[in-house]
Amino acid sequence: MKIVGILVAFLGFVISLASVALGSNGARLGVIVLGIVVSLFGILGILNAAHLKYAIWKTGAGTE
Amino acid sequence: MNAGVVRLGPLTPGLLRFGLLLGGLLCASSCCFAQAPAVPPAAASSAATVTPSAPASKPITDADLANVPVPSADAKAKGDRDGSLTGNAGDVTVSDAKKGLTVGDLVNQVGQNKIALNIVWTLITGYLVMFMQLGFALLETGLARAKNANHTMMMNLVVYGVGMFAYWLCGFAIQMGGVGAVANLGGTAPLSAEFVVNLFGKPFGLFGQHGFFLMHKGTYDVGVMVLFLFQMVFMDTGATIPTGAAMERWKFSSFVVTSFLFAAFTYPLFANWAWGGGWLANLGANFGMGKGYVDFAGSGVVHAVGGLSALAIAMILGPRIGKFTRDGRPQAILAHDMVIVITGCLILAFGWFGFNPGSTLGASGSGNLRIGSIAVNTMLASAAGLLAAMIYMWLVYGKPDVSMTGNGFLAGLVAITAPCAFVNPISAVVIGMIAGVLVCLSVAFVERNLQIDDPVGAISVHGACGIWGVISVGLFADGTSNYAGAWNGVNGSVTGLFYGDATQLVAQLLGVATLLGVVFVLSFLFGTLVDAIMGQRAPARSELEGLDLPEMGSLAYPEFELKSGN
């Protein structure tokens, strides 16, 4: 899932970059915001969840 | 005598105008430090217009300069107690001793004075930024537990050396190798090769190619050296940010390698795109997006890059042992010295007067007198951030939390770093205030919702508020700045949505998308690579014991340790 998270984060950038091909600045704004949301989902939603799955406090080492 | 002076040689009406212009220049330079307001440009130009009824002004010639009185050697030998004899026509460098002082010499001296002023300004502000390393070191170490104090201080010391070495090897060349001549520094022309690809029918600059080892392709140059020093301390500020988020569990050897990669590649790439003539800077010229991506002193380039790298490392490392209970509730791990934490905050705020005003790369010409406005915006935003965070914590949690007030102070500074040169004082206060509340919300979100352990709040202070600073340019830039009439090759002043230009906001948001989708991804990939090869996290036993002895071989406070038994 970490690889998926990274790919989704990068995909968000690609979506945002593609906005430069559009003529209208309103459309560009919408596409870039969409790209940012996709990147945030990749980082905070997928990638972080993948890391939390094996978090140290879940494995029993979380208490001193 | 250089080419510029030769063009001024003949006695023509042009020389008459030149003489008047020169007089105006000298007059203006003498007024720089006076309290009385300077003559407005319009009034100055009207005064310079020769009317038919006015007596014709006499042009300055080399013969006039030969008659300028110079204090005698005897007079100077008696000492100059009131300063009236020191600094006169005799101090102007003469190109040909046989001819004596000429108009050409005078003009050269004026030009060199301007560049010298800019170079001294840039160097001194760079030294202030370097001093911020101490602020970071104290802030982070104070927030660590005593058993990790040596390790945390050592990371803040070593990141300076490792970062500088990597940046000297290749980071600077990647970042600034294609920036071209920086007019304020009178040179840097050797930095002229940018690697470019074509996308969407337009050139996309990706990285610079001149300046490796500061010797490559003529970059052994006085202007380049100044630019290197200033940019290096900026990069090192960014490289220091992850050490706060990763402290108390980061294996020292892995920290060294990760910091090297940051300074050599991650930071320079984004900095090239924003500041080195890369594709983000040219969004305005190529795609009509405002003045391109605008980030005056680095809310995005320095702070968001550092903050997102901190996020990547904190994810890879995982939380400190004891930070979360088995059901995922965060536990407070207390700082060992709040006195040095606040000392660190104040040192950082002092250094920020180098960070923001210094980013003009000059004090003379090209609208650079706006440095006063930049400095005031910087301090206003920091005060607004401090107050907003303090009041928020007081209202929500019942006490004006010390560390969060300090974080609000820094959050205001981080947020104003990108827009400081383009906004008015009221906007600076609003930007700082929003940052002060944002950092409180973000710290709670990162800890409670994301369950990421960030001991100093670096992800929120530098990452979240850095991104807010980038966006705020697209909202609050008021269109009154005039840095030589253009920015990023687009004529006019940087203007945000609230002042009539929505396209600037689009460029800023594309910068944010790049930070998230490229800078974070690159940081995560480098961090994961190092983790796979040598492991990023210190062994659990070392962590429980405290990293000072297992990793550094010595304790920061041996007597304190003995007494407390920690």
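Predicted model: local features only at pLDDT ≥ 70, side-chain atom pairs only at ≥ 80, totals over all residues.
Biologist: How do you know that chain A and chain B are in contact?

Modeller: Contact requires heavy atoms within 4.5 Å. By that rule, 30 residues of chain A are in contact with 40 residues of chain B. The area buried between the two chains is about 3,100 Å², and carbon and sulfur atoms give 77% of that area.

Biologist: Which helices of chain A supply at least two residues each to the side that touches chain B?

Modeller: They are α1 (2-18) and α2 (25-53) of chain A. Of the elements of chain A, α2(A) gives the most to that side, with 14 residues. The residues on the side of chain A that touches chain B divide into 20 nonpolar, eight polar and two charged.

Biologist: How many salt bridges and how many polar contacts does the rule find across this interface?

Modeller: The rule finds zero salt bridges between chain A and chain B. For polar contacts, it finds three residue pairs, with both residues at pLDDT 80 or more.

Biologist: Why is the pair of Phe296(B) and Phe422(B) called edge-to-face?

Modeller: Two conditions apply: ring centres must lie within 6.5 Å, and planes over 60 degrees apart count as edge-to-face. The ring centres of Phe296(B) and Phe422(B) are 5.8 Å apart and the planes stand at 90°, so the pair is edge-to-face.

Biologist: What makes this a link between distant parts of the chain?

Modeller: The two residues are 126 residues apart. Phe296(B) belongs to the loop between α10 (283-287) and α11 (299-317) of chain B, and Phe422(B) to the loop between α14 (402-416) and α15 (425-449) of chain B.

Biologist: Why are Phe296(B) and Phe422(B) called buried?

Modeller: Buried means under 20% relative accessible area. Phe296(B) has 6% and is therefore buried; Phe422(B) has 0% and therefore counts as buried too.

Biologist: What makes Trp250(B) and Phe255(B) an edge-to-face pair?

Modeller: Their centres are 5.4 Å apart, with 75° between the planes, and the cut-offs are within 6.5 Å and over 60 degrees, so the name applies. Trp250(B) is at 1% relative accessibility and therefore counts as buried, as does Phe255(B) at 0%. Over all chains, the structure holds 32 aromatic pairs.

Biologist: Why is Lys323(B) counted as buried?

Modeller: Its relative accessibility is 5%, and the cut-off is under 20%, so Lys323(B) counts as buried. This residue is placed in the loop between α11 and α12 (338-355) of chain B. Leaving aside neighbours within four places in sequence, its contacts include Arg329(B), Glu447(B) and Asp453(B).

Biologist: Why is Gly223(B) called buried?

Modeller: Gly223(B) has a relative accessible area of 0%, which is under 20%, so the term holds. This glycine is found in helix α8 (residues 222-246) of chain B. Gly223(B) and Leu185(B) are 38 residues apart in sequence, while their C-alpha atoms are 5.5 Å apart in space.

Biologist: How do you know that Asn286(B) makes a polar approach to Pro203(B)?

Modeller: A polar atom of the Asn286(B) side chain lies 3.2 Å from the backbone oxygen of Pro203(B), and the cut-off for a polar contact is within 3.5 Å. Asn286(B) is found in helix α10 of chain B. Not counting residues up to four places away in sequence, Asn286(B) touches Lys202(B) and Pro203(B).

Methods: Residues numbered from 1 in each chain as written. Chains lettered and ligands numbered in written order. Heavy atoms only, no water. Buried area = accessible area lost by both parts, 1.4 Å probe. Salt bridge = Lys/Arg side-chain N within 4 Å of Asp/Glu carboxyl O. Polar contact = N/O pair within 3.5 Å; in protein donor to acceptor, adjacent residues only side chain to side chain. Helix = DSSP H or I, 4+ residues; strand = E, 2+ residues; numbered from the N terminus. Nonpolar A, V, L, I, M, F, W, Y, C, P; charged D, E, K, R; others polar. Phe/Tyr/Trp six-rings, centres within 6.5 Å; stacked < 30°, edge-to-face > 60°. Buried < 20%, exposed > 50% of the residue type's maximum accessible area, 1.4 Å probe, protein only.
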